[in-house]
Amino acid sequence: MEKIIPPNDLNDTLPTWRLLDTPPMTAAENMALDEALLEVKGEGKSPNTIRFLQFSPRTVLVGFHQALHEEIRRDYCQANRIDINRRITGGGAIFFDENQLGWEVFCDKAFFNAAIPNARLFKTLCEPVVAALARLNLEAEFRPRNDIEIDGRKISGTGGTESGKAFMFQGTMLVDFDVDTMLRALKIPVEKLKAKEIDSVKDRVTCLKWELGEAPALADIKQAIKRGFAKCLNIRLETGGLNAEEQKRFAKKRPRFRSLGWIDSVKPRFQKRETVRSAYKATAGMVRFTLAVNLPQKRLKDVYITGDFLSFPGRALYDLEARLRGAPLDRQHLHGMIRDYFDQGHIKIPGLGFEDFVKPLDQCLEKTEMAKFGIPLEHCNLISVVNGSFEEVIQKNPSVLLLPYCAKLTGCDLRYEKGCRVCGEDCCSIGPAWSMGRHMQMQVTSIVSFEDLWDELMRMKASGVAAYIGCCCQPFFAKHADDFKASGLPGILLDIDNTTCYDLDQAKQAYAGQFERQTSLNLELLETVLQIRVESCGNEVAA
Amino acid sequence: MEIQGYNLPEDLYYEKNHYWVKVEGDILVMGMDDFAQQLAGDIVFVQIPFAGKKLKVGKKFAQVESGKWLGKVYAPVNGELIEGNEALEAEPSLINQDCYGQGWMFKIKPADTDELNNLIHAPADIEKWVLEDIEKYKQD
Ligand code: SF4
Ligand code: SF4
């Protein structure tokens, strides 16, 4: 027969855990306390514990093995009194301001009957927070491996570590969220902090205030989390303080966590994080891929897929990003993942399919390939290739250099003509580019409209030109990628500087050869690429 | 031997946190076993301590990160660390690709090879232990 426990006695039979509600502290203090609590727990000298933590001043925290330089804008943080520190747990860099609440679990591995962390453990440890959000009237979900989200938007990220007999698991609860400061403090792969990009970050995260209209009182949030843990882990929580051993360890550890030896302990030899981006204009909309990559480790660290298309369900895009995050930087593999995602019907985008996603992705991957030629990745971002890889096009020894009329001096009598007389040094960037090309024995010509470009490509093809190098703005390339491709000619296209006709909304005029602003070629980039061509194929005129 | 999709070579010794130990002359080679590797998923970082570090059995001496979890590696025997696999610094995923080969982690000079007897080695013991852990870590 089943034993029936009267409700009143139930509480007494539950295991008791300590609730440690620590006041706001500096990053160094919080990190030192994390390590002290975990170590003492790992030695079995303290009770299982749930801790609440807050930071003052606000702080950025990198994951244990991350290099500061790759993740954080140090100057900005220092100028704006944002602390910088390193967590004792894994995961990525986070911004933690005074409005955020952190929660932590320190407990015996035996409590979960596990010595190795695993997907089920992460779920078990996230569920209490999901339950807490339910108490606050929010329907949240656990997203493997260890995030909590509301309708695809992340509200709590987690991470953990272990020591001896204990696990430590920690997470953040976004109460209110200052996206602008976060974007300035962390090196998030967004372009120039344009409003659009701030919005695309906002689409991927959420916080209590955005969900509820106003942030609940801190005490209520803590109460909800406390109840969530009590219920889901079937425990009783009793408020307590640090024991003597923990206090001793905490005091001893503080100086180390304040030292640069700890904060700056990882050098960016392998922990690199660089950004590549590419856009593709499909008929139904623009698709942009921004990848944060670790080239030495050949890993995709992070990915943002944005654009002006609508995807269904709303969260599908973020789920796809979550799947791709951490994947090996391998074309086949990534294609396979995206293809499966579309094939299995996880995402629906009117007018857009799998192919429209892999095109910009391939351009991004191609950029990482260029890095092998010694071009810094930030410059690779300014290069696009068509009808072949960068290497293949270079091997074909491009013999024609195409330059856009918009870079010519606005007052030049040759602005809307095909030629240039290389009249002087400073008046426009076409002159120097023209000389560079001639010096390399290339045929140089300027392009005066889209029709002219097409005619030129056809002429080149007919006369047996194997490949070309051209300069044009990236919006132009994104829009005409398919045309460039259709010409059948292999080419390398270099981005130009300055405000383009697209920024000024004058693409129509430019198309017809009537854009009246002066842009400027990226001469340094052009020189780098021409130099690579010479090294691979020879062909420089002895001066 | 192959146990429900996990490969656990019989000639190796195993530490209960799922690290393997192989005897090579008078040194030991150590790495993560297939069970732990599969459970962890993509390994993104391996900390390689300096050579010469003294190892105390059961005490943590290195760290491995996967899926935002910073795991610890515990010494299987007393001894001294003589080498870490530097290839893992650049490519920690070697552990996922080839945990018994290119993904080896540490070389250890043991204080006393008799301590190997405390590890799991007899085929029947390996099987029993792994079956228990498969049950224990079953993901519902
Ligand atoms: S360098 Fe060429 S394009 Fe520029 S102003 Fe002189 S002639 Fe015109
Ligand atoms: S699209 Fe406009 S800015 Fe871009 S290359 Fe052509 S004329 Fe210049």
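Strand 3 of chain A, residues 59-62, pairs with strand 5 of chain A in the antiparallel sense. Three bridges join strand 3 and strand 5 of chain A. Keep in mind that this is a predicted model. Which residue is the bridge partner of A:Thr59 in strand 5 of chain A? That is A:Phe96.

Now the sheet around that pair. The sheet is open and has three strands, in the order 4-3-5 in chain A. Its pairing is mixed. Which strands stand at the edges? Strand 4, residues 83-86, and strand 5, residues 94-96, both of chain A. Each has a single partner strand, so one side of each has no neighbour in the sheet. From one strand to the next, the twist averages 25°.

A helix belongs in this picture too. Helix 2 of chain A, residues 27-42, lies across strand 3 and strand 4 of chain A. Helix 2 runs at about 20° to strand 4 of chain A.

On to the helix pair. Helix 17 of chain A covers residues 430-439, and helix 21 of chain A covers residues 523-537. The two pack at an angle of about 5°, with their axes 11 Å apart. Angles under 35 degrees count as roughly parallel, so helix 17 of chain A is roughly parallel to helix 21 of chain A.

Which residues meet there? From helix 17 of chain A, they are A:Pro432, A:Ala433, A:Met436 and A:Gly437. From helix 21 of chain A, they are A:Leu523, A:Leu526, A:Glu527 and A:Leu530. By class, the contact between helix 17 and helix 21 of chain A has six nonpolar residues, one polar and one charged.

Terms used:
Residues numbered from 1 in each chain as written. Chains lettered and ligands numbered in written order. Predicted model: local features only at pLDDT ≥ 70, side-chain atom pairs only at ≥ 80, totals over all residues. Heavy atoms only, no water. Axes fitted to C-alpha atoms, helices over the stretch in contact; angles between N-to-C directions. Helix = DSSP H or I, 4+ residues; strand = E, 2+ residues; numbered from the N terminus. Parallel < 35°, antiparallel > 145°, perpendicular 65-115°, else oblique. Contact = heavy atoms within 4.5 Å. Nonpolar A, V, L, I, M, F, W, Y, C, P; charged D, E, K, R; others polar. Pairing = 2+ DSSP bridges.
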